[in-house]
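Colleague: I am new to this structure and would like to learn how to read it. Could you take me through some features one at a time?

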Amino acid sequence: MMRHELSLRDVCILILTLLAVFYSLYFAADIVLPFVFATVVNLLMISPMRLLHGKLHIPKPLAALLLILSMFVVVAGIGTAISVPAAAWLSKAPQGLPALQAKLAFLQGPLDAVRMGYDRILSLFSTGGHHAVGHGASSNSVGGGGMALGSLGSSVLLGTRAFMGEFFTMLLMLFFLMTEGDSLLRRVVEIMPTYADKRRMVQITTQIERNVSLYLATITIMNVLVGLLNMLQCWLTGMPNPLLWGVLAFLLNYVPIIGPLTGVVVYFFVGLFSFPSILYALLPPSIYLCIHIMEGETITPMLLAKRFTLNPVLVMASLMFWDWMWGISGAFLSVPMLAVFKIFCDHIEALTPIGHILGGPVRPRSLRTIGAPVNAAE
């Protein structure tokens, strides 16, 4: 059996190739992201597409158009419903800052102590001029809080315009993937040189379709339930605009770990703006956290454990990397892309160790052999 060892030149070429790929992905995000999103949404639409085309015998273009229009109506309806309360919250946030500062006055002493300690440490490593600049920046940041929050509205509008452009590009790409994706895959299989390669390609695509679509459908259903439960708890606790915070909980739950933590913080500050007591303001984020723990640590892992297991450390690493690469869009796509990469690794012999590291069932026999004597019987 031949063993191929990578030389130093091959390793350097591989590293440079990976850097070039990531560099291209970073600067071509406006082109690549709609295609990746369309691919992921296409996996989510496989079951409805089969129902319309396979069971009801609706032509593929018409079935794809119906599904895309339905998705657009749902997204547009939710966006219209939450845009008015979201804009109202952004507009009244500067006026609510004095009341927020008054409620958090008990933290002023510890914060002053921390700032004084920071100033003393800074004075040891910097000049007095830099120290003065730090004080000026601090005072300007406090005094200009309203201006910063005011500019947030314009940045949100610019971000919304860019998002809508990418959204329509994604819908166009999604339509062609839903109508011509099977023929494209068939042609890719046809150009494989050997029967084993053709079979491996079919197995990879089948497993990606089955596992990733199952994962996306499961977490979407669970996220809808999380959003509904949080909307109900906001209504029961008296928080204004329950629909807005329910939709926010639904969206944030797509981002592992960081999304729910962000939701807890947002719910706490909304509670501070809405309720006179700090203890009462802690109630909505506490309920939010309980809902997330019940869903994220119990129900969803129980539904996905046998088919979809990934190493939590690598999930977090993937989340941080793609968030740095593509922002919030990369955070949404980090887990599906990691799952697709694991499936490829599991079906390529040279990459199976990487696939095992990424996740999957533990191999007890391999673990027992660790630390065994060298001359142990095989």
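Colleague: Is Glu 209 buried, partly exposed or exposed?

Modeller: Keep in mind that this is a predicted model. Glu 209 has a value of 25%, so Glu 209 is partly exposed. This residue sits in helix α8, which spans residues 195-237.

Colleague: Which residues is Glu 209 in contact with, apart from its neighbours within four places in sequence?

Modeller: Glu 209 is in contact with Leu 43, Ile 46 and Arg 50. Take Leu 43 as the example: 166 residues separate Leu 43 from Glu 209 along the chain, yet their C-alpha atoms are separated by 6.2 Å.

Colleague: For the chain, what share of the contacts with a separation of 6 or more comes from residues 24 or more positions apart?

Modeller: That share is 71%.

Colleague: Where does Thr 218 lie, and which residues does Thr 218 touch?

Modeller: Thr 218 also lies in helix α8. Leaving out residues up to four places away in sequence, Thr 218 touches Leu 303 and Leu 304. Its relative accessible area is 12%, and Thr 218 is therefore buried, since the cut-off for that class is under 20%.

Colleague: What does the whole chain look like in terms of helices, strands and burial?

Modeller: The chain has 16 helices and 0 strands. It consists of 378 residues, and 29% of them count as buried.

Colleague: With helices to compare, how should I read a pair of them? What is the angle between α2 and α14?

Modeller: Look at the distance between the axes, then the angle, then the handedness, then the residues that meet. Helix α2 covers residues 29-44 and helix α14 covers residues 328-347; their axes come within 11 Å and cross at roughly 50°. The two helices are therefore oblique to each other, and their crossing is left-handed.

Colleague: Which residues of α2 and α14 meet?

Modeller: From α2 come Leu 33, Val 36, Phe 37 and Val 40, and from α14 come Ser 329, Phe 332, Leu 333, Pro 336 and Met 337. Sorted by type, the residues of this contact are 8 nonpolar, 1 polar and no charged.

Colleague: How are α9 and α10 arranged?

Modeller: Helix α9 (residues 242-252) packs against helix α10 (residues 258-274) at an angle of about 160°, and their axes are 9 Å apart. An angle over 145 degrees counts as roughly antiparallel, so that is how α9 runs relative to α10. The crossing is right-handed. The contact as a whole divides into 8 nonpolar, 4 polar and no charged residues.

Colleague: Which residues of α10 meet α12?

Modeller: On the α10 side they are Gly 259, Pro 260, Gly 263, Val 264, Tyr 267 and Phe 268. Their partners in α12 are Pro 284, Pro 285, Tyr 288, Leu 289 and His 292. This contact has 8 nonpolar, 3 polar and no charged residues. Helix α12 takes in residues 283-304; its axis is 8 Å from that of α10, and the packing angle is about 160°. The pair is therefore roughly antiparallel, with a right-handed crossing.

Colleague: Let us turn to the loops. Where is Ile 257, and what is its phi?

Modeller: Ile 257 is in the loop between α9 and α10. Its phi is near 65°, a positive value in a residue other than glycine. With a relative accessible area of 41%, Ile 257 is partly exposed.

Modeller: His 57 is not a glycine, but its phi is positive, about 60°. This histidine is in the loop between α3 (46-55) and α4 (60-103). Its relative accessible area is 64%, so His 57 is exposed.

Colleague: How many disulfides are found in the whole structure?

Modeller: A disulfide is a covalent bond between the sulfur atoms of two cysteines. A search of the whole structure finds 0. Cys 12, at 37% relative accessibility, counts as partly exposed, whereas Cys 345, at 0%, counts as buried.

Terms used
Residues are numbered from 1 along each chain as its sequence is written. This is a predicted model: local features need pLDDT of at least 70, side-chain atom pairs count only at pLDDT 80 or more; totals for chains, interfaces and linings use all residues. Side-chain values use heavy atoms; hydrogens and water are left out. Axes are lines fitted to C-alpha atoms, for helices over the stretch in contact, and angles run from 0 to 180 degrees between N-to-C directions. Helices (H or I, at least four residues) and strands (E, at least two) are DSSP runs, numbered from the N terminus. Angles under 35 degrees count as roughly parallel, over 145 as roughly antiparallel, 65 to 115 as roughly perpendicular and the rest as oblique. A crossing is left-handed if the near helix is turned anticlockwise from the far one by less than a right angle, and right-handed if clockwise. Contact means heavy atoms within 4.5 Å. Ala, Val, Leu, Ile, Met, Phe, Trp, Tyr, Cys and Pro count as nonpolar, Asp, Glu, Lys and Arg as charged, and the others, Gly among them, as polar. A disulfide is a pair of cysteine sulfur atoms within 2.5 Å. Buried means under 20% relative accessible area, exposed over 50%, partly exposed in between (1.4 Å probe, protein chains only).
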